[in-house]
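Subject: Structure handover

Hi,

Here is the structure I promised to pass on. Please have a look at it first, and then read my notes below.

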Amino acid sequence: MAVRIAPSILTADFANLEAELARLRTADLIHVDVMDGHFVPNLTIGLPVVRRLVQVSPLPLDLHLMVSEPDRWAPQFAAAGAGSVTFHAEAAKAPVRLARELHAQGVGVGVAVNPATPVAAIADLIGEIDMILVMSVEPGFGAQPFIEHSLTKLSQARDLVKRSGRAIDIQVDGGADRNTVGPIARAGATVIVAGSAIFSAVDAAAEIAALRALANAGLEA
Ligand code: DX5
Ligand code: ZN
């Protein structure tokens, strides 16, 4: 199946978000990084902005919650109109209950693992989720270099998904660019988040097309 591209708006022009979203309409999903200044050393956007983005976005919003209290916040972001909500394995206190609560709200459920968290940490959640997010940088900021060991973790995630027999996406987030998307796709990612690579390009649509083509070529290599 073709790899999907999810531009992260973390490096977008925050004074012109509606126009920035319009530039991304040829992508597959819009990745929105919610940070609470506690789980990660950065603060980004919260519920009121997400509610408004839902109204103007040409594509479903894929929310990545980098917050210390996802059990409290994730259902509120689901209710805001997200297509999917991803919380961190390191932060959730009752991940099974939270995943079920989110599913009952009708959103896709993702669980993220930080670079130092083994994929095995979420093995027992596999029956409860729709997506595994492998962080390929320490979360908090865009434009960091890709951590090579993430390729091993993507393969481990792929094995876990295969064994489960379920249709579960594998997302990778951080440092994806023209050089890394081929190996990333080959290792098992089905959804690739890219922030700075797309927003530093003059033509965002052309960059999305290039990343998609290189990722799919990597699949066949
Ligand atoms: C980092 C965020 C990422 C980030 C990716 O904490 O979760 O989504 O925006 O940015 P790039 O693609 O520039 O590494
Ligand atoms: Zn993210």
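S8 touches H31, D33, V193, A194, G195 and F199, leaving out residues up to four places away in sequence; contact here means heavy atoms within 4.5 Å. S8 sits in the loop between β1 and α1, where helices (H or I, at least four residues) and strands (E, at least two) are DSSP runs numbered from the N terminus. With a relative accessible area of 4%, S8 is buried (buried is under 20% relative accessible area, exposed over 50%, partly exposed in between, with a 1.4 Å probe and protein chains only). The side chains of S8 and D33 are joined by a polar contact of 2.8 Å. For that term, a pair of N or O atoms must lie within 3.5 Å; within protein, one must be able to donate a hydrogen and the other to accept it, and residues adjacent in sequence count only if both atoms are side-chain atoms.

Before going further, some ground rules: this is a predicted model, so local features need pLDDT of at least 70 and side-chain atom pairs count only at pLDDT 80 or more, while totals for chains, interfaces and linings use all residues. Residues are numbered from 1 along each chain as its sequence is written, chains are lettered from A and ligands numbered from 1 in the order in which they are written, and side-chain values use heavy atoms, without hydrogens and water.

Next, helix α8 (residues 204–220). Its 17 residues should span 24 Å at 1.5 Å a residue, and the end C-alpha atoms are 25 Å apart, which agrees; the expected span is 1.5 Å times one less than the number of residues. At the start of α8, a side-chain oxygen of D203 comes within 3.1 Å of the backbone nitrogen of A205. Buried in α8 are A204, E207, I208, A210, L211, A215, N216 and G218, and these residues pack against β1 (4–7), α1 (17–23), α6 (181–187), β8 (191–194) and α7 (196–199).

Is E207 buried or exposed? E207 counts as buried, at 9% relative accessibility. Neighbours within four places in sequence aside, E207 is in contact with R178, A197, I198 and A201.

Finally, S164 is in helix α5 (residues 150–164). S164 is partly exposed, at a relative accessible area of 26%, and its side chain reaches the backbone oxygen of V161 at 2.6 Å.

Happy exploring!
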